[in-house]
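Open the model in your viewer and get your selection tool ready. We'll go stop by stop, with something to pick at each one.

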Amino acid sequence: MSAQLNQLLNIKYPIIQAPMFLVSNTAMVIEAMKGGIAGCIPALNYRTLPELKAAIHELKAAKVEGGSFGFNLIVNKSNIKYKDQLRVLCEEGCDFIITSLGSPEETINQAHKVGIKVLCDVTDLKFAQKVEALGADAIIAVNNEAGGHRGEISPKDLIVLLKSNCKIPVISAGGVGTKAELDTMLGYGADGVSIGSPFIASMEAGVTDEYKQACVDYGANDIVMTQRISGTPCTVINTPYVQKIGTKESWLESVLNKNKKLKKWVKMIRFSIGMRATEKAAKEATYKTVWVAGPSIEHTTEILPVKSIIQNLTT
């Protein structure tokens, strides 16, 4: 199971344990590295810079041959912590950074000065070519089977499109919950895969048992798109609460979003409200459950250690 991602990140298997807001933590990434894959955590999972520094130090101390660790940065204006987070990552060091939702130019320039690889989330060819021109080391091809904020193109079509037009490695994100599905993505030409949702129901994940069990109890047909978290369509489990509140933006938000000057502020407010609701659902049992996940939970049948999940994906 060798692909370009193996060489890029010096890992045994061509898999990145995808960064998941509120879910990913150092315990998961340490087990990922021990299992021969790369692990990634959203920098926003840490409220303060000292907490982020502590996580980096813990992961550096736990680093093993065949494993790799990195952090995800939201690089648009909605993340007011971005520049400080980037500075800390570059000062303290990590193997790679995954950028999302904005231009990665500054991240690429700063990270490359200290030998950190930069992989960029993309959903189409236009942005893929743009980040390649900026010097990205690889592309994370987010397809229409990914969890959270997903793309609109099928895994096969997106992989083939990007491989035909880009020279840097293409890492497929979305639609992998089994070894057979992983092999399929590699067969399409992907240089590796990014896998998130199957790791939610891991013993190491820092979320409630209710969230983990939901990934066991629900399947692909229970995943719906909602605009009520961040203002951008996001996949969640269709719990009774989600059914009750609906998945569309409110009438007022719809009207305000048509005003160019107000649209940015509406999205920022919706993002803030939605993230608080998501955090509460992830960290405590409540009837107001908004659990983010992708259709690959279809293959999640029990809560397992990260080590076992990796074994199921690779053997």
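Angles run from 0 to 180 degrees between N-to-C directions, and axes are lines fitted to C-alpha atoms, for helices over the stretch in contact. Helices (H or I, at least four residues) and strands (E, at least two) are DSSP runs, numbered from the N terminus.

Before you click, note that this is a predicted model, where local features need pLDDT of at least 70, side-chain atom pairs count only at pLDDT 80 or more, and totals for chains, interfaces and linings use all residues. Residues are numbered from 1 along each chain as its sequence is written, and side-chain values use heavy atoms, with hydrogens and water left out.

**Whole chain**

Show the cartoon: the protein chain has 13 helices and 10 strands. Of its 315 residues, 51% are buried (buried means under 20% relative accessible area, exposed over 50%, partly exposed in between, with a 1.4 Å probe and protein chains only). Take the contacts (heavy atoms within 4.5 Å) between residues at least 6 apart in sequence, and 61% of them join residues at least 24 apart.

**Stop 1: H2 and H13**

Select residues 26–34 for helix H2 and 306–314 for helix H13; their axes are 9 Å apart and the packing angle is about 45°. H2 and H13 are therefore oblique to each other. Show side chains for Met 28, Glu 31 and Ala 32 in H2, which meet Val 306, Lys 307 and Ile 310 in H13. By class, that contact has 4 nonpolar, no polar and 2 charged residues. (Ala, Val, Leu, Ile, Met, Phe, Trp, Tyr, Cys and Pro count as nonpolar, Asp, Glu, Lys and Arg as charged, and the others, Gly among them, as polar.)

**Stop 2**

Now step back to Pro 305, in the loop between H12 and H13. Is Pro 305 buried or partly exposed? Its relative accessible area is 24%, so Pro 305 is partly exposed. Pro 305 touches Met 203 and Glu 204, leaving aside neighbours within four places in sequence. Try the distance tool on Pro 305 and Ala 201: they are 104 residues apart in sequence, and 8.5 Å apart from C-alpha to C-alpha.

Thr 300 is in the loop between helix H12 (260–283) and H13. Thr 300 counts as buried because its relative accessibility is 8%. Beyond four places in sequence, Thr 300 is in contact with Pro 198, Ala 201, Cys 215 and Val 216.

**Stop 3: H4 and H5**

Pick residues 82–92 (helix H4) and 105–113 (helix H5), whose axes come within 10 Å and cross at roughly 20°. H4 and H5 are therefore roughly parallel to each other. The contact is made by Tyr 82, Lys 83, Leu 86 and Cys 90 of H4 and Glu 106, Thr 107, Gln 110 and Ala 111 of H5. Those residues divide into 4 nonpolar, 2 polar and 2 charged.

**Stop 4: Ile 74**

Ile 74 is found in strand E3 (residues 68–74). Ile 74 is buried, at 16% relative accessible area. Ile 74 and Leu 101 are 27 residues apart in sequence but 5.9 Å apart in space, C-alpha to C-alpha.

**Stop 5: the cores**

A nonpolar core is a set of buried Ala, Val, Leu, Ile, Met, Phe, Trp, Tyr and Cys residues joined through side-chain atoms within 4.5 Å. Which residues have the most contacts inside the largest nonpolar core? Select Leu 59, Phe 71, Leu 73, Leu 89, Ile 97, Ile 139 and Leu 162, in a core of 39 residues. Zoom in on Leu 89, which touches Leu 52, Ile 56, Phe 71, Leu 73, Cys 94, Ile 97 and Ile 116, not counting residues up to four places away in sequence. A second, separate core has 33 residues, including Met 20, Met 28, Ile 37 and Ala 214.

**Last stop: two positive phi angles**

Asn 10 has a positive phi of about 55° although it is not a glycine. Look for Asn 10 in the loop between helix H1 (4–9) and strand E1 (15–17). Leu 22, also not a glycine, has a positive phi of about 75° and is found in the loop between E1 and H2. Asn 10 is partly exposed at 46% relative accessible area, whereas Leu 22 counts as buried at 10%.

Definitions and conventions
Angles under 35 degrees count as roughly parallel, over 145 as roughly antiparallel, 65 to 115 as roughly perpendicular and the rest as oblique.
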